[in-house]
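I opened the notebook to keep track of what I looked up. My entries follow the display.

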Amino acid sequence: MQSLFQRPGEMTAPERFGQISWSLVALISLLAAVGVAMLYSAAGGSMDPWAKRHAIRFAIGMAALLFVAVTDLRVWLQYAYVVYGVALALLVGVEIAGKMGMGAQRWIDLKIFLLQPSEVMKVGLVLALARYFHSVSYENVGRIVYLLVPAAMVLAPVALVVRQPDLGTAGMLMVGGVAMFFIAGVRMWKFVLGGVLALAAIPLAWRFLLHDYQKKRVLTFFNPDSDPMGAGYHILQSKIALGSGGIAGRGFKQGTQSYLNFLPEKQTDFIFTMLAEEFGLLGGLGLILVYMIILGYGFAIALRSRNHFGRLLALGLTTTIFLYVFINVAMVMGVVPVVGVPLPLVSYGGTALLTVMVAFGLIMNVYVHRDLRLTRGGLDEDE
Amino acid sequence: MARERSRAAILGRRAALLAGGKFVILSALGLRLYSLQVLEAQRYRDMAEDNRANLRLLEPTRGYVVDRYGAPLAVNVQSYRLEIVPEQAQDFAATLDAVARVIEILPEEREKIMEAARKSRRVFLPVTVKENLTWEQVSRIEVNAPDLPGVDIKSHATRFYPYGHATAHVIGYVGAVNEDDLADDPDPLLELPSTRIGKLGIERQYELALRGRAGRKEIEVNAFGREIQEFKERRIEAEPGHDIVTTIDLGLQRFIIERLADQHAAAVVVMDAQNGDVLALVSTPTYDANLFPNGISPTDWAAIRDNPYKPQTNKAVAGQYAPGSTFKLAVILAALEEGFGAGHTTHCRGFIQFGDRKFHCWKRWGHGPVNMTASIRESCDIFYYEVAQKLGIDKIAETGRRLGLGARTGIDMGGEYPGVMPDSAWKQAITGDYWRPGDTLVAGIGQGYVLATPLQLAVMTSRIATGRAVTPHLTRDLFEGESVRARPEVDFQPLGLKDNSLLLVRTAMNQVVNHEKGTARGSRLRDSAWAMAGKTGTSQVRRISEAERRSRVLKNEELEWLMRDHAVFVGYAPYETPRYAVAVVVEHGGSGSKAAAPVARDIMLELERREQQFASGEWPAQIAFSESRDLR
C-alpha cells in the first residue's frame, strides 16, 4: 500500500499544491460564477432555490478538485481498474435496485445525495482505458486481440446505460471511449470500418433498442415544427429564446422566454439558452470561448506530461468535458436531439458538478505530476 | 525509449487532430449561434413577442333602453359571482367549508365545485363557487374576507328588464351568441363567451347602436397563461353603446296589459296619429324577458311554448286578422274616390241574393234605407256588398294599400308580417284561380282573404284621422348602424284622398261612437273633454250555415273560445284635433262593440288622464331615468 501523497525523495503535498495551475482554477471558478449568476436570474432574482446551493456545491467540488490534484498520480494508475469496477458494479446496482425517476433508472439514493453511477463511470472509464493503453506497447495497439479487452470495457457500461435508458450519457461514454482508442494510436482503418459497421447497425438499433419516446424525440429533432406544442416545444422555445437574444441580449433578468417560463428546464439543460437570451451572441460566444480555453489547457497539460498514463488521462478527460459542452450547446440549438446533458459547471445539478470537478482534479493532477516518468509495466520506476 | 517516444509522437499527432476537431466543432456551434441570434433574430424576436403578449378585449357597456319619459326598460345590473383561487387558498376544501359556513352551499354543489377544482390544472385560475349572489350574501362574504383566503367576488354586468313582462314584445331580449350571429357579424366581441346580443325587438333592431365598441388591452402572460402585467400604454378603452329613448309610454303599456287581464289573448297598438310615435304596443299573454339573457330553462321554455294563447307571438305586428267591418273604412273611401255621391243610399232588408248564394247582414231584419254615413255608423253589410260589387276588388285594394294595408309598415322592430290586401292578380298568383265576384262581396266587409295586423289597423286609423301617410316608429332618434341623429321633424305626405271623402268618413266614425244608433255608443267618452271617433269590427272565424240562420245564429258566449269571433276596434281621439290612434284586437273576444271598443275607451281615458298629469307637472317617470343611471 502506497501513500496517497508522498514517497521518500519526492514532492511533499504542499510542494505539489504549489504546482497547481491557478489560472486554470480561476477559469473554472469563472464558469461556476456564471452558473451562480444565471441560476440567480432563473429564480427571478433570488439566490434560492438554486444559486446558493450551486455555490455551496461548487465550494465542495473545489475542495475535491484540490484534493484529487495533490494525490499521487500512481495511486490513480494503481486503482484505475478498481474505480472502473466499482462504477460498473454501481451501474449493475441501479439496474437492479435503481430508483424510478423521470421514467429512467439512474440514481442510487445515498441519503445525503442521489448518486448517478453513470457519472462515476465517465471518469472511471477514462481511468481504466488510460491504464490499459498505458500498459500496451505501440505494436500491440495495432493488434486486434489487444483491443478486445478495452472494447469490452467500453461496451459493458454503454450497454447498461442504454438500458436505463440514458442515450446522452451512453453516447458520451461511447464517443469518449472511441476517442481514447484514437489517441492511443489504434490504426485509422479500424475507425473507418467501425464507422461503417455503426451506420449499418442504425436500423437495427432503431428497431430493437430505442423506446417509442426516444424515437419520437429523434423524429422531432429532424422536424421540430411538426409538433410545436408537444415534443418539439422545448426546442422551438429554446430557439425562440436564443434568437430573440440578438447580439447584445435582452439584459440580465430581462429574458422574457425565461422568466415567463416558456423556456423549459432553464436551470439545468437549457441554462445556455437563458444566458444567450439575456447576454446575446456576445455572452454565448464568450462562454464558448472560455470552454475552448479550458479545453486548450487540458490539451496542453496532456502534451506537457512525461508519462503516457497522464497524457491519456488528461486527453480523455478533456474529451469528456468537451462532449458535455458540445452535446449541451448543440442540443439547445436544435443541432442534436434533446438528450439531457448538463452544461458543465453552469447547470444546476450535484452529481455532474462533482464529476466535472473530479475530472478537473485529475487533469490538474496530471499537470502537478507532469515530470513524473512511468514505465509501461511498472508503476513507480522510470524507464 | 524509442518505442515510448514513437508512442508519444503518435499520441501527439492524434491529440492535435482531436483538439483541432473539437475546435472546429465548437466554432461551428458559434456560427450556428450567430445564425440564430443575428440572421434570424427578428423572426425569433417576433415569436417571443407573440408568446408573451396577449390581446384581451374590453367589453363595452351596453346602452340602456328607456321609455319616452326616461323610465328604464332595459338596463345593466351587476351580478356577483363567488370564486376561489386555489393558489391563494392554501387548503381548497377547508376554504370551501369556511365559505359554506357563511353562505349556503348544498352538498351536491360542493361535490361539483370540488370536482371542478380537481380538474383545474392551473392553480392561479379561479374556480367558480356560486353565481348570482344576493347583496346579503356579498356583504356576508366581505365581512368574513380576512378568514377566507383566496375567496374573491367578481361582478359582471347582466341585462335586466325592470318591466320584463310589460315590454317583452317591444324591447325583446338579449341572448348568447350563436353560430349564425357569428357568420353575419365579424365583431370580435361576439367571440367572448359573456357577450349577449339582441335576439328580438328593439334589442335586435338596434343591436349595433346598443352594443358599443370593444376596447382592448395587451397583457403579458407566462407559459401557463397567467397574466403578469398589463402594457398600460397600449390600452384602448371600450366605447359604451348608445342609450335608446323609445316612444313607448311605459305607464300606458302597463295600463293596457292590466286592462286586458280578463282576456285570453289580445293585441293593442296606440300611436301618435300625427308623428307616428308608437306609445304602446301590447300583445297578450306576455312573458318575462328576463328569462332569456342567461339562457331560458327547459321548464320555462315549455311553459311558453305549450301555452295555447301563444305568448311568444307578438300579435301586434305578427298577428294577421280579418279586419272585419273596420275594413269598411277603406271600402267607403274607395267608393267616394270613385265618384259615389255622398247621398248614395242602399236599402237593406237583411240579405241579398247573389247568384245562388244568400249574403246576410249582421242585422237579421235589415237596416232599411242606408246612406253613406249610416253605413259606417250602423255597419250595414248589405251596403258594402253592393258598393264592393260595383267598385270591384282592384279599386278597393288600391285604397286599402294607400291606407297602409297589405304591406309591412316598416316599424323599427323585427318580426312584422305584411297582412294581405288581395286583388285579382294576387289571387291568381297565390291560388291559381281567378277572382270571383263573390270574393269581392266577402272582401267588402273585411272577411275572406283580407288580413291585417293590429299595427296596420292603427296606421290606417292614423292616416284617416290626419289625411297623411303616417308611418310608425319606436325610437325618438334615428340610428344608422352605430351612428345616431335626431329624428327630423315629421311631415308626412298627404295620402292623395279628397278632403270631402275623409271628412265624411271621420264624421261617420264620430257617429259610430257618439250617435245614438252608433255601434260603439256604449264606449263613448263620458265625463271627458274628448270625443272618440272609431269603427267596430267583428271578424268571423267560422262559417254560419243556412240551417243555423234559419233557426237562430248562435251567440258567441254559446261557442267554444276558438270558434268565437275576433273583436276589433279602431279609433282616434280627440275627434276635433286627432292626436291618438288606437287599434284593439281581442282574439275570440266576441263582438267589437262589446269586447274591443271598451278597451279603446279606457285607453283614451287613461291617455287623457296622463296628459293632464303631465300638464300639471307630476311626472314621476322622468326621475326614474336619472335613478336608473345609478344601476350601472
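**Surface patch on chain A**

I began with A:V145, which counts as exposed because its relative accessibility is 56%. Exposed means over 50% relative accessible area, buried under 20%, and partly exposed in between (1.4 Å probe, protein chains only). The model is predicted: local features need pLDDT of at least 70, side-chain atom pairs count only at pLDDT 80 or more, and totals for chains, interfaces and linings use all residues. Residues are numbered from 1 along each chain as its sequence is written, chains are lettered from A and ligands numbered from 1 in the order in which they are written, and side-chain values use heavy atoms, without hydrogens and water.

A:V145 sits in helix α7 of chain A. I noted that helices are DSSP runs (H or I, at least four residues), as are strands (E, at least two), numbered from the N terminus.

Which residues make the nonpolar surface patch? I found A:I144, A:V145, A:Y146, A:L148, A:W189, A:L193 and A:L197, covering about 740 Å². A patch takes residues with over 30% relative accessible area and no salt bridge; nonpolar side chains (Val, Leu, Ile, Met, Phe, Trp, Tyr) are joined within 5 Å, like charges within 9 Å. Areas come from the Shrake-Rupley method with a 1.4 Å probe; for residues, only the protein chains shown count as cover. Helices α7 (145-163) and α9 (188-208) of chain A each give the patch at least two residues.

**Backbone entries**

I looked up cis peptide bonds next. One runs from A:D48 to A:P49, with omega near 0 degrees. A:P49 is in the loop between α2 (22-42) and α3 (51-70) of chain A. Another joins B:T284 and B:P285, at an omega of about -5 degrees.

Then I checked phi. B:S379 is not a glycine, yet its phi is positive, about 55 degrees. B:S379 is buried, at 3% relative accessible area.

**Salt bridges**

How many salt bridges are there over all chains? I noted 52. The rule asks for a side-chain nitrogen of Lys or Arg within 4 Å of a carboxyl oxygen of Asp or Glu.

I picked out B:E207 and B:R62, whose closest N and O atoms are 2.9 Å apart. B:E207 is in helix α9 (residues 207-211) of chain B and B:R62 in the loop between β1 (53-58) and β2 (65-66), 145 residues apart. B:E207 is buried at 8%, and B:R62 is buried at 10%.

My last entry is B:D181 with B:K199, at 2.7 Å between the closest N and O atoms. This pair ties together parts 18 residues apart in sequence, because B:D181 lies in helix α7 (residues 179-184) and B:K199 in the loop between β7 (196-198) and α8 (201-205) of chain B.
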